[in-house]
Amino acid sequence: MTTDMESMDNRNLAGSTATGWAARPSAPVQEAVAPPAATAAATPARAQMWGWFPALSVISAPGVLLVALAYEGGRLSAPQWPVPLFWCGLLLLFVPVALRLFSAKPTRQERIALLIMVTVNFYLTKYLQYPLYFTSYDEFLHLRSAQDIAASHHLFQPNPLLPISAFYPGLEIVTNAVSSLTGLSIFAAGTLVIGVATLLLVLSLYLLYERLSGSTRLAGLATLLYIANPGFVFFDTMFAYESLALPLAIFVVFAIVRRGSLPARQQVALTLLIWGGLAAVVVTHHLTSFALLAFLCLWSIVSLLPWKKTRARQGQKQPLLAGPREAALVTCVLTILWLIYTNWQAFAYLAPNLASTMNQVTQILAHKAPPRQLFHSNTASTGTPLWERIAAYTSEICILLGLPFGLFAIWRRYRVNAFALTVGCVTLIYPVTLLLHLTQSGAELANRAEEFLFVALAFVLAAGAVQLVSRTKQTGRRLALVAGVVVIIYFGQMVLGSGQPWSLLPGPYMVGADARSIEPEGINAAVWASAYLGPGHIVASDRDNTLLMATFGEQMAQTAGGADVPLSWVLLSPQFGSGVTAILRQDDIQYVVVDLRLSTALPAIGTYFNSANLQPATTPINRAALTKFDGVQNVSRVFDSGDIIIYNVESIARQPAGPPPTRHFRPARPKKLSQPVAWVRQFYLWDILPL
Amino acid sequence: MKYRSTDMLAVIALTCIAITLACTVSANYVAVRILTLPLVFFLPGYALTALLFNRQRQGIVERVAFSLGSSLILVILSGLVLNLAPSGLSSGSWIALPGIITLMASVAALLRQRQRQGQDAATPQWTGSRYSLTVGQGLLLALAALIIGSALALSISGAEQQPYPGFTQLWMLPSGGAQAKDTVRLGVKNMEKTTMEYRLVINMGSKAIKQWSSLDLRVGENWQTTLAVPAVGQNSPVLVEALLYRLNAPTTPYRHVELWLAT
């Protein structure tokens, strides 16, 4: 006897709504899955099963090709056509699928296939941009951790680029497993890991939304809206710890919801898996574990609301381990234990950003500082085009206008569902994050928050959209309107996520432009350093060459300075004097890597160095400042490739110290904090008090 | 045969194959070793999920999601455990721990399924034919794959051949060993777009001590040598300077390095 898998999934959903409190729509949704008997009776033909998926795959595939052509145009510095081609490609990837998913006709199988296709295509979009090696700033930070694990076979090796990365090694562990077993390079292994994680994210999201709503249509649309979030294509697909932690967190949340539909006796085994998942999230990314903890706590609180209790008393027997409370408790315990184990470094890492954001918000509210200029570009070339700005603003307006509809739909259909209510509450944070974009530090925070918030936002907006087209007859006009809004949201969010115009496409070298600054001369200089100097020397350089020296060059490269003294002064100082000498000695610098191209332009990202204390550069570095090491006694100029010069300053750094030089910067502040009390004290003295 | 028994037997077989490949094939043969990928991404989670959801009816999509998620979780937690072992996270330990867990979970799931075979009338059978495609659909998907394949080829070849300015590396380091202060190592690497002709001059103080009047290097070619320099004085460090000229611009130094030889 054959049982249709589709109907089996449908029965699972039906089962969950019958026994589980976690996923019970208050009213049946129009597109809710059909009862098994009906589905079994009307077994669709094979062609109907996949529906438009094969045709849409042929329609979408040229979108990937268009994007690849646009990238090629960027590499060849073609003047006009690459950017429009890029956006046309992205539209082709999304719009046909969105229109199909909006329809009530596709089967569950077709919807899932379409979502997987979109995910793969978007992932390729990111991969094709730089298909040979990691180029993003964040990717280099984790590449170093992965290299350290591969070299030492052990975790927690000091990472000069991002010290905290070594203490959240989940991504690097999986990459190491793939690399060790298959022999693939770290780049190839990491690309595969992030690809699988992205697939897990989309599948888990779909299943979560489906179980929550009981509607394949709503689930498909909500997942597609999540894919439209600004970070999905350009940030969540990076080789960075959040790219793995977020899919794991969504998977764990889905497992918690899924557990609610199991009989109490069978929940124990799944609970162990959930706890394992929570532990994996906690050791993979600090911010994701904090966000997951906050969400589980909120969900726990909402599940205690009076009408939920009333419902339980009315005969809804809750399973033994159903609900998020025990998961919230376990997450809290694991997070605290890991923070203690890692010496609270996550707080020390995140606190300055939070404090800086608070400070800037206060300044703006008090009219002491102007708000951050949106869509501002540091390069001398043109900024974000007007049409892109309009698309971005329109997208945000559509989201804000759509939120009330979505929240109303949530209240109307799912108000007895604690999870749905929690999701509704979370979306209220979104408007606040938009305001954070007006501050320099807050913009980064808001960008990070959006990847989490869109999990809730996508469901709420999809619920509103589905309700809007389902309330009355599905007239073509209404469908077209809502589908148009979804496309506008997608396009605007892509514009927001794509960043500065110069970062959209690969192209010639630019000063201080992260991926655009990674090019063969810098890479070869770093490879030379690894081969001829040997690994592990303390090297000072600018932001981009630091990345290269620390990864390709295997050096202890840094730009921040060992005791938080701005090491940048070594390169910025117009003369070689006692100030420079003191910093070299203090940080035991052995080599200085100078990139003469820094004197030719302002850095595209605003700063030449990776130091939090530095203000954005307003003038290019003086070339004389970069060449000041020439002719200094005991400073050997050991490498010259035209633009990149490497100086050996070991003799200077190891000479006995003279009288303390006059410093033009604020005194050093302790970097490593030994205990929470010390951290709180530091946080108060340095961050709260100045406010 | 029941679907669940078949799939667990397949998991056991694939795990054994992956372990065998990882143990016997050199890591240089990536094309073969790539077959061990499921041991990280899928097999451990699939076996665990089969054990957890033994009596549960679980759709394919949910099973795939649980397999991927559980595998990643298992690998991360395994990494933390392996870190405690002296061998750490090595190829051997990655074969051992996930492999053993997968095999144990598979066998346990298989035994439980065999015990309950026949009890659960709703145990699904393999319905792969329901997910098959018509010829037309297959052709359409093949066409899509072809287009995406061309996009991949275009991007990879485009990135490899991206035009960048050429450059030449010149370097000089003290030679290691007991005669470090009297010997230097020199190197030139041509990363220009064409074959280059150089002239290399070594000065000590203001005096030329060695010259290579014609160094012809092809694109990507590396030239290295070790050079003994006259004895260094006892009281002060001495500067050794290397100047690289292009033959088509013989008076303008193209690259310039210098080395202070300590006393």
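Reply: In chain B, the C-alpha centres of domain 1 and domain 2 lie 56 Å apart. This is a predicted model, in which local features need pLDDT of at least 70 and side-chain atom pairs count only at pLDDT 80 or more, whereas totals for chains, interfaces and linings use all residues. Residues are numbered from 1 along each chain as its sequence is written, while chains are lettered from A and ligands numbered from 1 in the order in which they are written.

Me: What makes these parts of chain B domains, and where do they run?

Reply: The word rests on an automatic or database domain assignment, from which the bounds come. For chain B, domain 1 covers 3-119 and domain 2 covers 167-261. For chain A, the assignment gives domain 1 as 5-342 + 373-503 and domain 2 as 514-660. Where these two parts of chain A meet, the contact takes 15 residues from domain 1 and 16 residues from domain 2, a contact being a pair of residues whose C-beta atoms, placed from the backbone, lie within 7 Å.

Me: How many helices and strands does chain B have, and in what pattern do they follow each other?

Reply: Chain B has seven helices and seven strands, and along the sequence they read α-α-α-α-α-α-α-β-β-β-β-β-β-β. The terms come from DSSP runs numbered from the N terminus, where a helix is H or I over at least four residues and a strand is E over at least two. In chain A, by comparison, there are 29 helices and five strands.

Me: Why is A:H285 called buried?

Reply: A residue is buried if 20 or more other C-beta atoms lie within 10 Å of its own, exposed if 12 or fewer do, and partly exposed in between. A:H285 has 25 such neighbours inside 10 Å, and therefore it counts as buried. This residue is found in the loop between α13 (267-282) and α14 (286-303) of chain A. Leaving out residues up to four places away in sequence, A:H285 touches A:Y168, A:Y241, A:E242 and A:A245. One of these, A:E242, is 43 residues from A:H285 in sequence and 5.9 Å away in space, C-alpha to C-alpha.

Me: How do you know that the buried residues of α23(A) line one face of the helix?

Reply: In this helix A:E521, A:G522, A:A525, A:A526, A:W528, A:A529 and A:L533 are buried. Seen down the helix axis, these residues fall within an arc of 155°, so they line one face of α23(A); the arc is taken from the directions from the axis to the C-beta atoms. What covers them includes α24 (543-551), β3 (591-595), β4 (636-640) and β5 (644-648) of chain A, together with β1 (167-174) of chain B.

Me: Why can the 19 Å reach of α23(A) be called close to what is expected?

Reply: The expected span is 1.5 Å times one less than the number of residues. Helix α23 (residues 520-533) of chain A has 14 residues, and its 19 Å from first C-alpha to last is close to the 20 Å expected. Just after this helix, A:G534 takes a positive phi of about 90°.

Me: What makes β4(A) and β1(B) a pair?

Reply: Two strands pair if DSSP finds at least two bridges between them. β4(A) and β1(B) have two bridges and run in the antiparallel sense, so by that definition they pair. In this pairing A:F639 stands opposite B:W171 in β1(B). Within chain B, strand β3 (residues 196-204) and strand β6 (residues 238-246) run antiparallel and are joined by seven bridges, with B:V201 opposite B:L243. β6(B) also pairs with strand β7 (residues 249-261) in the antiparallel sense over nine bridges, and a hairpin of two residues joins them.

Me: How many residues does the contact between the chains take from each?

Reply: The contact takes 79 residues from chain A and 79 residues from chain B. On the side of chain A, the largest share, 12 residues, comes from helix α4 (residues 53-75).
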